[in-house]
Amino acid sequence: MLFFSYFKELVGKEVTVELKNDLAIRGTLHSVDQYLNIKLENTRVVDQDKYPHMLSVRNCFIRGSVVRYVLLPQDGVDIDILHDATRREARGG
Amino acid sequence: MSWAGPDEILLSTSLAGFLDKKLIVLLRDGRKLLGTLCSFDQFANVVLQGACERVIVGELYCDVPLGLYVIRGENVVLIGELDREKDELPSHMTCVSEAEIRTAEKAEKEARDLKGTMRKRMEFLDFD
């Protein structure tokens with residue numbers, strides 16, 4: 001559940017989600033669930049000309065299984081806290 | 001079984017906030033379905049009422065009516081809410097009939113295949 005908890009910390013931040021079909025969407029992280037499904041608000045597609053059908057989409061739900069990357073804000077992660085949490089998770093606690 | 005209250009719906013990743021809204025559903029094969037969300041579950045299986053497929057070829061598009069659709073969750077890539085205030089497509093795009101869009105699709109496929117075979121034949125030149 002580490003990554004679920006981690007993504008929950010990022011709610012409200014601006015992220016870019018790149019999907020396995022190369023579609024990249026930038027938006028404010030609204031919520032995330034245990035499957036790492038993602039809901040974004042105020043979305044805009046990075047390459048808008050290539051995806052005209054996404055023009056009027058402002059809120060969207062992305063299925064966790066189709067996500068390739070999530071690009072985080074520069075200050076999106078405190079490495080020390082993440083290290084500790086990773087060790088704790090690895091120990092099974 | 002308990003039902004989520006309005007606040008929980010708004011804050012969760014659940015699709016409940018999209019019920020009765022006009023949505024665009026992108027599928028794994030690249031198809032784009034439009035329709036009103038009737039139902040969903042935790043796998044993102046969804047039921048769309050008044051579904052249609054939006055076929056886009058270059059600057060042309062066509063909404064092909066389909067009816068009531070149940071989409072298996074594994075095929076879903078993205079579900080987007082269509083903002084009624086905004087234009088669904090750029091203004092330079094033209095709506096055409098289903099027959100016209102099929103012709104355009106075929107022409108595009110042929111052009112793509114031709115490009116493929118030309119490239120194959122020229123492979124010995126080793127470009128890139």
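## The surface of chain B

How much accessible surface does chain B have, and what share belongs to carbon and sulfur atoms? The accessible surface of chain B is about 8,400 Å², with 54% on carbon and sulfur atoms; such areas come from the Shrake-Rupley method with a 1.4 Å probe.

This is a predicted model, in which local features need pLDDT of at least 70 and side-chain atom pairs count only at pLDDT 80 or more, while totals for chains, interfaces and linings use all residues. Residues are numbered from 1 along each chain as its sequence is written, chains are lettered from A and ligands numbered from 1 in the order in which they are written, and side-chain values use heavy atoms, leaving out hydrogens and water.

## How chain B is built

Along its sequence, chain B runs α-β-β-β-β-β-β-α, giving two helices and six strands (DSSP runs: helices are H or I with at least four residues, strands E with at least two, numbered from the N terminus). Of its 128 residues, 32% are buried, meaning under 20% relative accessible area with a 1.4 Å probe, protein chains only.

## Meeting chain A

Here, 30 residues of chain B are in contact with 25 residues of chain A (heavy atoms within 4.5 Å). T13(B), V77(B) and L78(B) supply 27% of the area that chain B buries against chain A, more than any other three residues; buried area is the accessible area (1.4 Å probe) that two parts lose on being put together, summed over both.

Technical notes: Buried means under 20% relative accessible area, exposed over 50%, partly exposed in between (1.4 Å probe, protein chains only).
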